[in-house]
Each structure stands twice: as C-alpha cells, then as structure tokens.
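Work through the exercises below with the model open. Each task is followed by a stepwise solution.

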Amino acid sequence: MQNMFIGKGNLGSSPELKRINGKNGEFVVATMRVMFARWGQNDAGDLEQVGGFWREVEIYGEKAEACAKHLRKGARVLVLGEERDFMATDKETGEEMQVIKIVADDVALQLSRIESITFAPARSREEAPA
C-alpha cells in the first residue's frame with residue numbers, strides 16, 4: 001500500500017452497490033461519501049468542529065455487499081485503506097481536475113450511534129468424519 005489511510009467519519013448517504021462486468025468477470029463495488037471531521041477547542045474551551053474533508057470511499061467484494069446491507073446515512077465508520085488520485089472531467093465545465101478517493105480494505109461500523117444489535121444465528125457445522 002502506497003498511501004495508508006485510517007480515518008473515522010460519518011456517511012453522507014447510504015452506500016450504493018454496483019455490479020460491474022470487467023475483463024475477469026463480474027465484481028461488486030460499494031461507493032459512499034464520508035465526512036472526516038476535525039475537532040478542536042474554541043475560545044470558551046468547548047469542543048467544536050474546526051474543519052474536515054469529504055472523500056468518496058470504494059470497497060469491493062463481500063465487504064461491499066455487507067456495507068450496502070448494514071450501513072446507512074449518518075453511520076459513524078472507521079475506514080482503512082489507500083488514498084488514490086486520478087484525473088476526471090467536470091461534467092458542467094468540461095475541465096480536467098484531480099480527484100482523490102479512498103479504496104478501502106475495510107470499513108468498520110463504530111458503535112457511537114447504535115441503539116441495538118441483532119446477531120444472525122451461528123452457522124451449523126458439519127461434523128468432520130472420524
């Protein structure tokens with residue numbers, strides 16, 4: 001990994017799941033916009049947001065499907081991945097611009113906004129032959 005990224009942020013919208021046909025067959029990607037806020041103390045000593053940045057986050061495969069299934073707008077997430085930049089064309093002006101996105105290895109739900117958790121039943125294991 002060239003540019004390791006670790007950050008906590010809030011989802012600006014629910015993840016969007018896409019199935020894409022590539023050279024090696026179909027793959028799944030979930031895209032989401034995340035606000036990574038910066039916090040600091042104001043003159044009164046109170047904690048307030050003092051900056052931050054939005055990033056598009058992509059994650060692939062089974063993790064993409066899990067993100068689309070379980071994450072919703074406003075969820076607090078921990079993102080682990082790599083920052084990548086590329087050139088894109090602005091649809092309105094036609095100008096080329098640099099875009100930075102995060103290709104995630106993992107997106108973990110943080111528990112700060114969770115009211116309840118329901119676990120799926122454990123998978124039954126077939127006993128190995130003796």
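**Exercise 1. Strand pairing**

Task: Find the bridge partner of N10 in β3. Then find which way β1 pairs with β3 and with β5.

Solution: 
- N10 is bridged to M35 in β3.
- This is a predicted model.
- β1 and β3 run antiparallel, with two bridges between them.
- Now turn to β5, residues 76-89. Its pairing with β1, residues 4-11, is antiparallel and spans seven bridges.
- Within that pairing, I6 has L80 as its bridge partner in β5.

**Exercise 2. The faces of a helix**

Task: Sort residues of helix α1 into a buried side and an exposed side. Which strands does the buried side pack against?

Solution: 
- Start with the helix limits: α1 covers residues 62-70.
- Its buried residues are A64, C67 and A68.
- Look down the axis of α1: these buried residues fall within an arc of 95°, so they line one face of the helix.
- Turn to the face pointing away from the buried side. It carries the exposed residues E62, K69 and H70.
- Last, check the packing. The buried residues of α1 pack against β2 (16-22), β3 (25-41), β4 (47-60) and β6 (96-109).

**Exercise 3. An aromatic pair**

Task: Classify the ring pair F27 and Y60 as stacked, edge-to-face or tilted. How exposed is each residue?

Solution: 
- A search of the whole structure gives three aromatic pairs.
- For F27 and Y60, the ring centres are 6.1 Å apart and the planes meet at 50°. Stacked needs under 30 degrees and edge-to-face over 60. The pair is therefore tilted.
- Relative accessible area is 35% for F27, which is partly exposed. Y60 is also partly exposed, at 36% relative accessibility.
- Elsewhere, F5, F36 and F53 form one aromatic cluster.

**Exercise 4. The setting of V103**

Task: Decide whether V103 is buried or exposed. Which residues does V103 touch, leaving out those up to four places away in sequence?

Solution: 
- V103 sits in strand β6.
- Its relative accessibility is 10%. The cut-off for buried is under 20%, so V103 counts as buried.
- With those sequence neighbours left out, V103 touches E58, Y60, G81, E82 and R84.
- Y60 is thus both a contact of V103 and the ring partner of F27.
- For contrast, take Q49, 54 residues from V103 along the chain. The C-alpha atoms of V103 and Q49 are separated by 25 Å.

Notes: Residues are numbered from 1 along each chain as its sequence is written. This is a predicted model: local features need pLDDT of at least 70, side-chain atom pairs count only at pLDDT 80 or more; totals for chains, interfaces and linings use all residues. Side-chain values use heavy atoms; hydrogens and water are left out. Buried means under 20% relative accessible area, exposed over 50%, partly exposed in between (1.4 Å probe, protein chains only). Helices (H or I, at least four residues) and strands (E, at least two) are DSSP runs, numbered from the N terminus. The arc is that of the directions from the helix axis to the C-beta atoms. Contact means heavy atoms within 4.5 Å. Two strands pair if DSSP finds at least two bridges between them. Rings of Phe, Tyr and Trp (its six-membered ring) pair if their centres lie within 6.5 Å; planes under 30 degrees apart count as stacked, over 60 as edge-to-face and the rest as tilted.
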